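Colleague: I am new to this one. Can you walk me through how to read it?

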Amino acid sequence: MAEEIKTLDALKDAVAGTAATDQTQTETPREPMRDDLGRAYATGKRKDAVARVWIKPGNGKVIVNGKELAQYFARPVLQMILRQPFQVAGVSDQFDVMATVAGGGLSGQAGAVKHGISKALQLYDPALRPALKAAGFLTRDSRVVERKKYGRRKARRSFQFSKR
């Protein structure tokens, strides 16, 4: 009977989190993930756009689908979006980026490349992860276009009403 009470007390302590045998969970440190050429690879997504991004140490050269950054993303706002992860991480002009992006429009593609750069940076140097995560760059923006419903003109817009 006394043994049963001891085991019940041990179970209660374990459920409450005050167990006698304190098992501290040690978090394993993240290791850099690089290929044989010293590059880090990640996939970024935004809306319908998917970007494959490779980063390697360099002088800040960005190539998207075989074109320079200013040539592919002509709008300054889109260029600024791509530079944000480097500025937040404090590694501006230290990495070369090679990206291929498909699907969606230019805005979605810029967001996809930004997501891919952020993921690749944290894979290249795990010490950059807290800054990128705090800025929200590692989270995929899951907003996509709402589908068209039947009985509607668009996703939510109704057909024009006619009284007569």
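Modeller: Start with one term. A residue is buried when its relative accessible area is under 20%, exposed when it is over 50%, and partly exposed in between. Keep in mind that this is a predicted model.

Colleague: Then take S118. Is S118 buried or exposed?

Modeller: S118 has 0% relative accessibility, so it counts as buried. Its place is in helix α4.

Colleague: Which residues does S118 contact, leaving aside its neighbours within four places in sequence?

Modeller: Four are listed: P85, L132, F137 and L138. P85 belongs to helix α3, and it is part of the contact between α3 and α4. We will come back to that pair.

Colleague: Let me step back first. How many helices and strands does the protein chain have?

Modeller: The chain has five helices and five strands. Read from the N terminus, the order is α-β-β-β-β-α-α-β-α-α.

Colleague: What share of the residues of the chain count as buried?

Modeller: The chain has 164 residues, and 29% of them count as buried.

Colleague: What about contacts between residues at least 6 apart in sequence?

Modeller: Of those contacts, 67% join residues at least 24 apart.

Colleague: Back to α4. How many of its residues are buried?

Modeller: α4 is mostly covered, with 15 of its 19 residues buried. From first C-alpha to last, the helix reaches 26 Å. That is close to the 27 Å expected at 1.5 Å a residue.

Colleague: Now the helix pair. How are two packed helices described?

Modeller: By two things: the angle between their axes and the distance between the axes. Here, helix α3 covers residues 76-89 and helix α4 covers residues 106-124. Their axes come within 8 Å and cross at roughly 10°.

Colleague: Why are α3 and α4 called roughly parallel?

Modeller: Angles under 35 degrees count as roughly parallel. The crossing is roughly 10°, and α3 and α4 are therefore roughly parallel to each other.

Colleague: Which residues meet there?

Modeller: From α3 come L78, I81, L82, Q84, P85 and F86. From α4 come L106, S107, A110, V113, K114, I117, S118 and L121. The residues of this contact divide into ten nonpolar, three polar and one charged.

Colleague: What follows α3? Where is S92 found?

Modeller: S92 is in the loop between α3 and β5. With a relative accessible area of 39%, S92 is partly exposed. Leaving out neighbours within four places in sequence, S92 is in contact with F86 and Q87. The C-alpha atoms of S92 and G60 are separated by 7.0 Å, although these residues are 32 apart along the chain.

Colleague: And D96? Where does D96 lie?

Modeller: In strand β5, which covers residues 95-102. Because its relative accessibility is 17%, D96 counts as buried. Beyond neighbours within four places in sequence, D96 is in contact with W54, I55, K56, P57, G58, N59, G60 and K61. Take K56: it is 40 residues from D96 along the chain, yet their C-alpha atoms are separated by 5.4 Å.

Note on methods
Residues numbered from 1 in each chain as written. Predicted model: local features only at pLDDT ≥ 70, side-chain atom pairs only at ≥ 80, totals over all residues. Heavy atoms only, no water. Axes fitted to C-alpha atoms, helices over the stretch in contact; angles between N-to-C directions. Helix = DSSP H or I, 4+ residues; strand = E, 2+ residues; numbered from the N terminus. Parallel < 35°, antiparallel > 145°, perpendicular 65-115°, else oblique. Contact = heavy atoms within 4.5 Å. Nonpolar A, V, L, I, M, F, W, Y, C, P; charged D, E, K, R; others polar. Buried < 20%, exposed > 50% of the residue type's maximum accessible area, 1.4 Å probe, protein only. Expected span 1.5 Å × (residues − 1).
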